[in-house]
Every structure is written in structure tokens, then in C-alpha cells.
Amino acid sequence: MVNIIWFTLILIGIGYSFFTNNLELANTTIMESANVSLDMLFKIFPAVALWMGLTKIAEESGLLTKMSKKLTPFLSKLFPEIPKGHESLGLIASNMVANIFGLGSAATPFGLKAMTSLQKLNKKKDTASSSMITFLVVNTSGLTIIPTTIISLRMMYGSVNPTRIVLACIISTFFSTLAGIIIDRILRRRYKD
Amino acid sequence: MILNLFPTFIAMILAVNLFINSGFLPAILEYLRPFLSFLKIPVEILPLAIIRPISGSASLAYLNNIYSTHGPDSFLGLLGSVMQGSTDTTFYVISLYFGSIGIKKIRYSLIAGLFADLIGIIASIIVVNLLFN
């Protein structure tokens, strides 16, 4: 289904460029895209590698188990089908902690590892499990308490009070995460595994 | 693992760039202008709301644009900051996370993710109006 959306974006892009006599631009965009994505991949690769290494350390030092124990009562309500003490809970907890502090680049490696770990529990390997979807919804609903990137960007543009938006961010994130959890509960019941 | 991601990645970037560079979005928004001003939603913020679930870097670039033309402490600047901060790149995360483990059927994840984003966007408009206006 996601593939259809990407495809639609491409169709609209090319169609509209054709319609406005701007196919030249679409052409250069296509040519440049491969280069741009390789550049981006090179840019994120060191960060991902670094955080992958750090997650390994956090795992072996027992930090992950500690964090997941703190979040367990909450997580076991959210993911009733994951067996208690399963490694994926620790990874999900770490992903959430990274997200809460607005560290997007640190959250991604934890998230990818959590997915790999959830895949081990998954019965149908080509179909998303309910726990995966719950994890994704909570993850994409924002979850940020300190939007580090935005604060630094506001600072860069000479804001008189860069952190003025923090409270508003927390309030609206609260609503979007809550809405995400509620709709996930409803849909989970409707589409049983 | 990084190499596994590359095809997904390249397709996403291609699609996003084609869509944004084509200028389709500003053209559509012109038609929606009267309806939006009736709801007291500034038209300038809409591209951010639409691009945000698709691409993090494109929406940051757009936020940069808002900051430089209207200033980070203007109403638009504040609204853009809160909107960016309380939503996430749902399409990107779903493609990346599911792509990395070979999931093809994503079931209801996109609907749920986009619903959360929509509520985040609506909440940010209401909260910013209440706190800063």
C-alpha cells in the first residue's frame, strides 16, 4: 500500500510537470535523485553505525533491561502479546526514550533493531504484526518532549525565545500520541491477527 | 543492512523530489484558499502539514523557509515549529522500518499513523491559537 502512495507521488509529479510544460525539470530531478539519496545515505551511515554500536554496549551492559523494566508496566499494556522480558521491549523502550528527547538519528537504529526483534515473534513474515503496528503508530505520532532540532533551528534564525514552543509541542504531541494509541486499539480489535 | 535499505531509500527520494519540484501543491492550495481562510488556517502552513508525513528533510527545508520569510517568533513561525515538533514522517518511517525486515502487507498501520498525524496537526493549530494569540 505504501508503494502505491510513492507511485502516486511520482505520477502526480511527472503528470503535472508535463501539464505545465516543465518536463525538463522532472528529468533533471530523476537524474539527480540517485545521487542525492546516495549522499544522504553516506551522511546518515556514520550516525547509524555509531548508534548501532552504542545500542550493543547499552544492551550488554544491562542498561536496556533496566530501562525496559521501568517502562514495562506501560509497555506490557500496550503490547500484551509480547512475552515478558523479551529483548524487543528493551529496544522499543530505548527507541521511545531517544524519540522523547528529540534524538531522531539515535531513535532510528533502535527502531530498526526493535523491528528485527519483533519479526522473530511474527508468524507471517510478509505481514505486519499487531505489535509492529502499535510500535510504529506510537513512534510516528511524535512522542517528542524536547524538540532539539527545532529549538536549534529557531536559535539559528535569531528567535528571542527559542524554547517558547516546548509547552505547545508537549500538549499537541500528547493529543496525537493519545489519538494514535486509541485508533490503534480500535483497529487492532477489528483486524485480528 | 544499509545496503538493504538503499532501493527503498532511492525510490522514496525520487518520489518526494518529483512531487515537490513539480509545483503541484502550491497550485492546489490556491483553490483551497477561501475555504481555509474561513477556518482561520493560514494557507502558508498547509504545505508543511502535507509534506511533513512524507519527508522530514523537505518539511525542515520548508520550515526554514517560513523562519526566513516570516521570522521564528511570528505566528506562522510558532505554528510551524509546533506542527513540526508534534508530528513525524509517517510514510518514511513505515517504508523504512517495514522495508528493512521485508514486510509487504502493512495492514492498518498507515491509516493509524496518518490519523495520529492529523490529530497532531489539528491540535497544534488549536494550541498555538490558544497560547500565542
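**Architecture of the two-chain model**

Chain A has 8 helices and 0 strands. The model described here is a predicted one. Read from the N terminus of chain A, the order of elements is α-α-α-α-α-α-α-α. Along the principal axes, the C-alpha atoms of chain A occupy a box of roughly 60 × 50 × 35 Å. Chain A comprises 193 residues, of which 39% count as buried. When contacts in chain A between residues at least 6 apart in sequence are considered, 61% are found to join residues at least 24 apart.

Chain B was described in the same terms. Its secondary structure consists of 7 helices and 0 strands, and the elements of chain B follow one another from the N terminus as α-α-α-α-α-α-α. A box of roughly 45 × 30 × 25 Å, taken along the principal axes, is filled by the C-alpha atoms of chain B. Of the 133 residues in chain B, 50% are buried. For contacts in chain B with a separation of 6 or more, residues 24 or more positions apart account for 67%.

Within chain A, one helix pair examined is formed by helix α6 (residues 130-140) and helix α8 (residues 166-190), whose axes lie 9 Å apart and pack at an angle of about 160°. Because angles over 145 degrees count as roughly antiparallel, α6(A) is roughly antiparallel to α8(A). The crossing in which α6(A) passes α8(A) is right-handed. On the side of α6(A), the contact is made by A:Ser130, A:Ile133, A:Thr134, A:Val137 and A:Val138, and on the side of α8(A) by A:Thr177, A:Gly180, A:Ile181, A:Asp184 and A:Arg188. By class, the residues of the contact between α6(A) and α8(A) comprise 4 nonpolar, 4 polar and 2 charged.

Within chain B, helix α5 (residues 75-86) and helix α7 (residues 109-132) were examined; their axes come within 9 Å and cross at roughly 140°. This angle makes α5(B) oblique to α7(B). Here too the handedness was assigned: α5(B) passes α7(B) in a right-handed crossing. From α5(B), the contact draws on B:Phe75, B:Leu78, B:Leu79, B:Val82, B:Met83 and B:Ser86. The residues supplied by α7(B) are B:Gly120, B:Ile121, B:Ala123, B:Ser124, B:Ile125, B:Val127, B:Val128 and B:Phe132. The contact of α5(B) with α7(B) divides into 11 nonpolar residues, 3 polar residues and no charged ones.

The contact between the chains takes 62 residues from chain A and 61 residues from chain B. On the side of chain B that touches chain A, at least two residues each are supplied by α1 (2-21), α4 (56-70), α5, α6 (90-100) and α7 of chain B. This side of chain B contains 36 nonpolar, 19 polar and 6 charged residues.

The largest nonpolar core has 78 residues. Those with the most contacts inside this core are A:Ile92 and A:Leu136 from chain A, together with B:Ala15, B:Val16, B:Val82 and B:Ile94 from chain B. The helix that gives the most to this core is α7(B), with 10 residues. B:Val82, listed among the residues with the most contacts inside the core, also belongs to the contact of α5(B) with α7(B).

Notes. Residues are numbered from 1 along each chain as its sequence is written. Chains are lettered from A and ligands numbered from 1 in the order in which they are written. This is a predicted model: local features need pLDDT of at least 70, side-chain atom pairs count only at pLDDT 80 or more; totals for chains, interfaces and linings use all residues. Axes are lines fitted to C-alpha atoms, for helices over the stretch in contact, and angles run from 0 to 180 degrees between N-to-C directions. Helices (H or I, at least four residues) and strands (E, at least two) are DSSP runs, numbered from the N terminus. Angles under 35 degrees count as roughly parallel, over 145 as roughly antiparallel, 65 to 115 as roughly perpendicular and the rest as oblique. A crossing is left-handed if the near helix is turned anticlockwise from the far one by less than a right angle, and right-handed if clockwise. Two residues are in contact if their C-beta atoms, placed from the backbone, lie within 7 Å. Ala, Val, Leu, Ile, Met, Phe, Trp, Tyr, Cys and Pro count as nonpolar, Asp, Glu, Lys and Arg as charged, and the others, Gly among them, as polar. A nonpolar core is a set of buried Ala, Val, Leu, Ile, Met, Phe, Trp, Tyr and Cys residues joined through C-beta atoms within 7 Å. A residue is buried if 20 or more other C-beta atoms lie within 10 Å of its own, exposed if 12 or fewer, and partly exposed in between; C-beta atoms are placed from the backbone.
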